[in-house]
Amino acid sequence: MARGQVVTERAKTKAADAPPTGLEAVYLTHRDRLLRFLRARGAGARAEDLVQELWVRIASNPAGPIFDPLSYLYRAANNLMLNDYRTDARNIAREAAWGEAHLVGVASAAEAGLAAKEEIARARSRLAACGTRVQEIFFLFRVEGLSQRIIAERYHLSLSAVEKDIQRAYRAIAALKEEDNG
């Protein structure tokens, strides 16, 4: 059972238990007119929900004496409809703004990722051109963080030879950066 139906059932029960008075009596008498009023103003399928919300409001917050209760109900129904439209407009604008910001962020992140992959591939190519040993020593030193002495022991090389291989790798990458910048 929908929320509006529950409220309607309660309203009917309440109305059956005690005779409605004041604003509630005017609402119950003119409920169909209020519904037609909202539909004529463009509420469409929401008219029923708005009329129910109007009932909840007047039933939960008893108002003081009202000079013209029917005009009060029409005005309240119209205000509920306007608030509903404004809420929808804000939600649509917020969703559109979020979508634009999110899609731009995804596109720029994807582009940045693609550019980074291309740069890594070019750097690997340059290091490969220096030779397998230079490439392996460079990765052991820069990526795995091994010291030059441990690398020298692993490859049975002098410390100076390891330093020269690392320098060759750095020069190859520096040359690549210079090509990119100018």
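In this predicted model, the contact between helices H6 and H7 joins Gln148, Arg149, Ile151 and Ala152 of H6 to Leu159, Val162, Glu163 and Ile166 of H7. By class, the residues of this contact divide into five nonpolar, one polar and two charged. Helix H6 covers residues 148-155, and helix H7 covers residues 159-181. The axes of H6 and H7 lie 9 Å apart at an angle of about 110 degrees. Angles of 65 to 115 degrees count as roughly perpendicular, and H6 and H7 are therefore roughly perpendicular to each other.

Helix H5, residues 132-142, also packs against H6. Here the angle is about 140 degrees and the axes are 10 Å apart; H5 and H6 are therefore oblique to each other. Their crossing is right-handed. On the H5 side the contact is made by Arg133, Glu136, Ile137, Leu140 and Phe141, and on the H6 side by Gln148, Ile151, Arg154 and Tyr155. This contact comprises five nonpolar, one polar and three charged residues.

H5 packs against H7 as well, at an angle of about 90 degrees and with 9 Å between the axes. H5 and H7 are therefore roughly perpendicular to each other. From H5, the residues Arg133, Val134, Ile137, Phe138, Phe141 and Arg142 meet Val162, Asp165, Ile166, Arg168, Ala169, Tyr170 and Ile173 of H7. The contact of H5 with H7 has nine nonpolar, no polar and four charged residues.

| Helix pair | Angle | Axis distance |
|---|---|---|
| H5 and H6 | about 140 degrees | 10 Å |
| H5 and H7 | about 90 degrees | 9 Å |
| H6 and H7 | about 110 degrees | 9 Å |

The unreviewed UniProt entry places the feature "domain: RNA polymerase sigma factor 70 region 4 type" at residues 133-172. In the model, this span is 80% helix and 0% strand, and its end C-alpha atoms lie 14 Å apart.

Charge pairing was examined over the whole structure, where the search finds seven salt bridges. One of them links Glu48 with Arg31, whose closest N and O atoms are 2.3 Å apart. Glu48 belongs to helix H3 (residues 47-60) and Arg31 to helix H2 (residues 22-40); the pair, 17 residues apart, connects distant parts of the chain.

Key
Residues numbered from 1 in each chain as written. Predicted model: local features only at pLDDT ≥ 70, side-chain atom pairs only at ≥ 80, totals over all residues. Heavy atoms only, no water. UniProt positions renumbered as here; feature names shortened; annotations may be inferred. Helix = DSSP H or I, 4+ residues; strand = E, 2+ residues; numbered from the N terminus. Axes fitted to C-alpha atoms, helices over the stretch in contact; angles between N-to-C directions. Parallel < 35°, antiparallel > 145°, perpendicular 65-115°, else oblique. Left-handed = near helix turned anticlockwise from the far one by under 90°. Contact = heavy atoms within 4.5 Å. Nonpolar A, V, L, I, M, F, W, Y, C, P; charged D, E, K, R; others polar. Salt bridge = Lys/Arg side-chain N within 4 Å of Asp/Glu carboxyl O.
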